[in-house]
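I opened the model to go through a few local and overall features in turn. These are my notes, in the order of looking.

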Amino acid sequence: MKVIVQEGRCQGHARCLAEGPDVYVLDELGYNSTDVEDVPPHLADQARRGALACPEQALTVVEDS
Amino acid sequence: MTAPENNRPEGAPVVDFDLTTHNRMADSNAAWAELRSTNPVAWSDDNGGAWIVSNYELVSAAFRNWESFRSARDVRTIPGAGGSPDLMPINALPVETTSLMIPEELDPPRWKPYRRVFADLLRPRAVEELAPRIKYWVTKYLDDVIETGECDIVSTLTSGVPGAVVLEWLGFPEDEWHRLGEAFHNAASFVPGSETGQHYMDELEWTFERIREEVTAVRESPRDDVTSRLANIEIDGERTSYEFATGMVNMAMSGGVDTTTSVASAAFVHLHYNPEDRRRLIEEPELIDRAIEEFLRVYPPARTHGRTVVEDTELGGCLLRRDDRLIISEVSACHDEAAFPDADKFVIDRFPNRHVAFGMGIHRCPGSHLARAMFKEMLTQVLERIPDYRVVEDELEEYPHWVALGGWSRMPITFTPGTRRL
């Protein structure tokens with residue numbers, strides 16, 4: 001599983017961090033600017049909840065096929 | 001109020017929607033619900049004429065479209081600059097008395113470096129460093145009343161704590177915090193033309209004077225505080241102007257002081273009238289983070305924001321013309337059934353909860369992380385220390401209007417006395 005951040009869409013609400021503290025990393029100003037390339041299975045729920053919580057809908061979860 | 005001249009766009013859905021008549025939260029919410037379900041984007045001639053955007057989908061789209069909908073202060077809303085006092089300014093106050101707010105009233109590209117400063121000062125990690133101060137002030141202000149069994153929880157806690165945290169952070173002298181906090185709190189519940197109204201405006205003018213004095217002082221000799229940092233910020237190698245420096249300090253103070261007050265007060269009213277929600281939060285404190293988001297959704301402090309259309313833009317099937325004014329409703333979006341199932345219910349563990357209480361897009365409230373932290377500490381300590389508090393219902397006072405901000409002016413409570421912690 002990976003999570004893609006839509007460029008320019010994040011506005012720093014940090015809801016992904018609140019729901020997925022072990023998955024998401026914010027930059028030095030509190031914005032999410034990096035894709036999560038490989039989400040380990042035990043953190044998949046955190047990743048999904050973090051993406052779902054984003055008010056800007058900036059995050060797309062790509063499930064393993 | 002009517003427009004100085006009829007600027008109604010041809011073919012627009014027209015409604016009679018005068019926000020300045022929204023005197024009670026329940027009436028305001030009902031008016032928004034009706035508008036949202038019938039005309040999610042519509043023109044109203046009231047207050048100088050403006051488009052009003054009220055459902056979640058269009059509110060989100062409007063907030064995100066900064067290219068078309070600008071935040072820079074519109075000269076037509078400034079009476080001294082040829083505008084009419086009937087026109088709706090960006091906020092509820094008479095605009096001639098409000099100092100510039102930076103970066104809320106800037107558009108890109110000028111907005112960007114100022115926004116960076118606020119994003120840096122208020123990023124989640126920086127707010128974590130303020131946690132001990134937040135905890136201290138909540139503890140102390142509850143200590144001050146806990147042995148008496150009664151207080152006005154607004155002046156004691158929900159107005160007092162954000163005032164102390166923000167003004168300490170800004171570096172204003174402690175003996176002025178109460179007066180500064182009260183000034184913003186009272187200005188938010190200002191009634192034009194009322195007897196107390198003039199006093200409130202005088203007090204607000206005093207706060208602007210104090211901001212100017214502090215900015216002048218720290219530009220001459222900087223201190224180790226946020227006012228000094230804001231007032232001396234360099235943009236492209238040059239120190240920002242005195243006007244912008246005061247605009248940033250004003251932004252930090254007026255954005256920080258009375259907004260968290262509103263939602264925290266709302267939560268304490270809610271938990272008074274909904275004992276089941278109070279019981280669940282006491283028994284299951286792990287619900288608090290989700291509950292905080294739901295309080296924000298149901299009771300958003302900032303209810304509306306204004307914008308100006310800078311290029312003809314289609315929104316929700318309407319053509320918004322260049323120079324039209326636009327009122328975007330956070331509160332209406334937050335209550336939209338299409339975005340939130342059972343939107344009229346308070347669902348304590350609602351998820352997902354992509355509410356618009358802090359706005360969306362580039363002007364998203366940069367103080368949101370601090371607001372959540374202060375709100376959470378107040379809620380936690382009240383439920384731990386005075387869990388049986390009761391609101392004296394006859395003396396509960398709402399703000400006299402719910403245009404741009406909503407809230408409670410006064411909320412006397414009684415409770416079983418407890419013990420001090422400090």
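I started at Gln57(A), which counts as partly exposed because it has 14 C-beta neighbours inside 10 Å. The model is a predicted one. I placed Gln57(A) in the loop between H2 and strand S2 (59-62) of chain A. I then read its phi, which is positive at about 50 degrees although Gln57(A) is not a glycine. I noted the background: most residues other than glycine have a negative phi.

Asp323(B) sits in the loop between strand S10 (318-320) and S11 of chain B.

I went through omega and kept two cases from chain B. Ile102(B) and Pro103(B) are joined by a cis peptide bond, with omega about 10 degrees. Pro108(B) and Pro109(B) are also joined by a cis peptide bond, with omega about 5 degrees. Where does Pro103(B) lie? I found Pro103(B) in the loop between S4 and helix H3 (111-121) of chain B. Pro109(B) lies in the loop between S4 and H3 of chain B as well. For reference, most peptide bonds are trans.

I listed the residues on each side and got 13 from chain A and 15 from chain B. On the side of chain A that touches chain B, helix H1 (15-19) and helix H2 (44-53) of chain A are the elements that give two or more residues. I sorted that side of chain A by class: eight residues are nonpolar, four are polar and one is charged.

How many residues does the largest nonpolar core have? I read 114 residues, and Val249(B) and Leu326(B) have the most contacts inside this core. I followed Val249(B) and set aside its neighbours within four places in sequence. What remains in contact with Val249(B) is Leu170(B), Ile211(B), Glu214(B), Val215(B), Thr227(B), Leu230(B) and Ala231(B). Another core of 15 residues lies apart from the largest one, and its members include Cys16(A), Val36(A), Ala47(A) and Cys54(A).

Entry 6, strand S8 of chain B. Six of the six residues of strand S8 (residues 304-309) of chain B are buried, so the strand is largely enclosed by the rest of the structure. I checked the directions of its residues. Thr304(B), Gly306(B) and Thr308(B) point one way from S8(B), while His305(B), Arg307(B) and Val309(B) point the other way. This is the pattern to look for, as side chains in a regular strand alternate between the two faces of the sheet.

I then looked for strand partners. S8(B) is joined by two bridges to strand S4 (residues 69-70) of chain B, and the two run antiparallel. In that pairing Arg70(B) stands opposite Thr308(B). Five bridges join S8(B) to strand S11 (residues 325-329) of chain B, also antiparallel. There, Arg307(B) stands opposite Leu326(B), and Leu326(B) is one of the residues already noted for contacts in the largest core.

The buried ones include Glu293(B), Glu294(B) and Arg297(B), along with Ile292(B), Phe295(B) and Leu296(B). What do the buried residues of H13(B) pack against? I found helix H11 (259-273), helix H12 (275-283), helix H14 (330-334) and helix H15 (368-385) of chain B.

I counted 15 helices and 15 strands in chain B. Its radius of gyration is 21 Å, close to the 22 Å that the globule rule gives for 422 residues, so chain B is as compact as a globular protein of that length. The C-alpha trace of chain B spans about 65 × 55 × 45 Å along its principal axes. Buried residues make up 49% of the 422 residues in chain B. Of the contacts in chain B with a separation of 6 or more, 72% are between residues 24 or more positions apart.

Key:
Residues are numbered from 1 along each chain as its sequence is written. Chains are lettered from A and ligands numbered from 1 in the order in which they are written. This is a predicted model: local features need pLDDT of at least 70, side-chain atom pairs count only at pLDDT 80 or more; totals for chains, interfaces and linings use all residues. Two residues are in contact if their C-beta atoms, placed from the backbone, lie within 7 Å. Helices (H or I, at least four residues) and strands (E, at least two) are DSSP runs, numbered from the N terminus. Ala, Val, Leu, Ile, Met, Phe, Trp, Tyr, Cys and Pro count as nonpolar, Asp, Glu, Lys and Arg as charged, and the others, Gly among them, as polar. A nonpolar core is a set of buried Ala, Val, Leu, Ile, Met, Phe, Trp, Tyr and Cys residues joined through C-beta atoms within 7 Å. A residue is buried if 20 or more other C-beta atoms lie within 10 Å of its own, exposed if 12 or fewer, and partly exposed in between; C-beta atoms are placed from the backbone. Two strands pair if DSSP finds at least two bridges between them. The radius of gyration is taken over C-alpha atoms; the globule rule is 2.2 Å times the number of residues to the power 0.38.
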